[in-house]
Amino acid sequence: MSFDLLIRDGIVVLPWGEVEADIGVKRGKIAAIGKNLGPAAEEFNAAGLHVLPGIIDPHVHFRDGGYGGIPGVEDMRSGSLAAVLGGVTTALDMPNTKPPTTSEETVRTKYDYIPGHAYCDFGFYVGATKENADDLGRLEEMPGVCGIKVFAGSSTGDLLVEDDENIERVLRASRHLVAFHSEDEYRLQERKPRFQVGDPYASHAEWRDPECAYRGTRRIAALARKTNKRAHILHVSTREEFAFIKDHKDLMSGEVLVNHLLQCGPEAYERLGGYAVMNPPIRSKEHQDAAWAAVADGTVDTIATDHAPHAAEAKERPWPTCHSGLTGVQTALPLMLTQVNAGRLSLLRLVDLMSAGPARIYGAVGKGRIAAGYDADFSIVDMKAKRRIENSMIASQCGWTPFAGTDCTAWPMATIIRGSVVMFEGVVPGEPQGRAVTFRH
């Protein structure tokens, strides 16, 4: 057999372990794995490098509903460029864009916008509202849609579904997956008057306290049980939630963020100010330790970034007027690979959380593993490369990262999507070639 692309001599991370092998690619799919596979139109020398299944970031905010995003902050093109520079081959985008992705028209507009604007392959959520709840089952099955997103805690516009009655309506309408931002809106509003403009940035974690998140997750679990539906809890951040999800895996799956694994308060707020403010907040070390324990024992199913850029000016305002959200899609893989080298998790566990897990949870067809017949998506990394993350390398239009100055041991050297080398040694030479992901609904 002849191939379109042959990846030679890499350390290939297969579902069953690491092997030194070649990978033959034909028509964008993995056609063969082994040695002495035959001729190819193009060869990639991966000697000394690890070949991972394409990394999937299942939680990004590229700010673009198909109309160009937010100038100076982010759009589909700049966000997906950051993704491929960071070794990410697929991104799943949130619905709180302008306009929000909540209707048949806005879903179709966003889907049609992907060709020519996304460097990586791309899926997106449809946002739940009280007005569209009964239509969500139909919207969820439209092309490109990975699931339903519910903001059960404060968001923008009408993307807030905080009460049990309407959350139940959303769950009953769903035919696939409902993903929740699960902070309890009632507790948020009750606690808000305790704080004032100009309070320390660390007040963010006091306002949106662990009970706020834990209460939200317990309520959602009760409604999932009542409706016999599955709930996916995004950015799980508290010790109590991790323990609760562990005991309710029949109902729930969970996501943990890079920030909740690698940053903790109050140090992050003292060092970064508004650049540490996100929802749910960066928490104290006991919750960070619980997040790592959940990675170790299998409680969490996915690692994501919640990449949510804002203009620097908006991050530097006094708390709580500063905008919440941090960048992350370009830096997540090297940061987590550095943790592999430090012995905090195995490379196989990282792949399970950042490739296979997202593909499994969302039903992404042909994604998440290196196996014959799957899409030829690869994140090729040098586990020995030493690099420092700097603001100057960030492709997102906002131009900053909360991890500026962080030294990494391991770095993405190439990103290959459906057999095309879209990034090599920090250079993205071509135009966007990303496509919409197909989901098994």
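## A tour from the rings to the sheet

Counting pairs of Phe, Tyr and Trp rings (the six-membered ring for Trp) with centres within 6.5 Å gives seven aromatic pairs. Before you click on, know that this is a predicted model, where local features need pLDDT of at least 70, side-chain atom pairs count only at pLDDT 80 or more, and totals for chains, interfaces and linings use all residues. Residues are numbered from 1 along each chain as its sequence is written, and side-chain values use heavy atoms, with hydrogens and water left out.

**Stop 1: two Phe rings**

Select F44 and F424. A pair of aromatic rings is described by the distance of the centres and the angle of the planes. Here the centres are 5.8 Å apart and the planes sit at 90°, so F44 and F424 count as edge-to-face (planes under 30 degrees apart are stacked, over 60 edge-to-face, the rest tilted). F44 belongs to strand 4 (residues 40-45) and F424 to strand 16 (residues 420-424), 380 residues apart, so this pair links distant parts of the chain. Helices (H or I, at least four residues) and strands (E, at least two) are DSSP runs, numbered from the N terminus.

The cut-offs are under 20% relative accessible area for buried, over 50% for exposed, and in between for partly exposed (1.4 Å probe, protein chains only).

Next, select F195, W207 and W319: together they form one aromatic cluster.

**Stop 2**

Look for an open sheet of eight strands in the order 6-7-8-9-10-11-12-13, with parallel pairing (two strands pair if DSSP finds at least two bridges between them). At the edges are strand 6 (55-60) and strand 13 (302-304), each pairing on one side only. Neighbouring strands are turned by 30° against each other on average, direction ignored. For such angles, axes are lines fitted to C-alpha atoms, for helices over the stretch in contact, and angles run from 0 to 180 degrees between N-to-C directions.

Zoom in on strand 9 (residues 145-151), which pairs with strand 10 in the parallel sense over four bridges. Which residue of strand 10 is the bridge partner of I148? Pick V178.

Then move to strand 12, where six of six residues are buried. M252, G254 and V256 point one way, and S253, E255 and L257 the other. In a regular strand the side chains alternate between the two faces of the sheet. Strand 11 runs parallel to strand 12, joined by three bridges, and H232 stands opposite S253.

**Stop 2: two helices**

Select helix 14 (residues 347-362). Among the strands it lies across are strand 7 (88-93) and strand 8 (121-127), and it runs at about 60° to strand 6.

Now pick helix 7 (residues 210-227). Its 18 residues should span 26 Å at 1.5 Å a residue, and its end C-alpha atoms are 26 Å apart, which agrees (the expected span is 1.5 Å times one less than the number of residues). Its buried residues include C212, G216 and L223. The buried residues pack against, among others, helix 4 (164-173), helix 8 (239-246) and strand 12, with contact meaning heavy atoms within 4.5 Å.

**Stop 3: the cysteines**

How many disulfides are there? Zero, taking a disulfide as a pair of cysteine sulfur atoms within 2.5 Å. For C322, the nearest cysteine sulfur, that of C398, is 15 Å away. Finish at C408, buried at 2%: its closest cysteine sulfur, in C264, is 17 Å away, too far for a bond.
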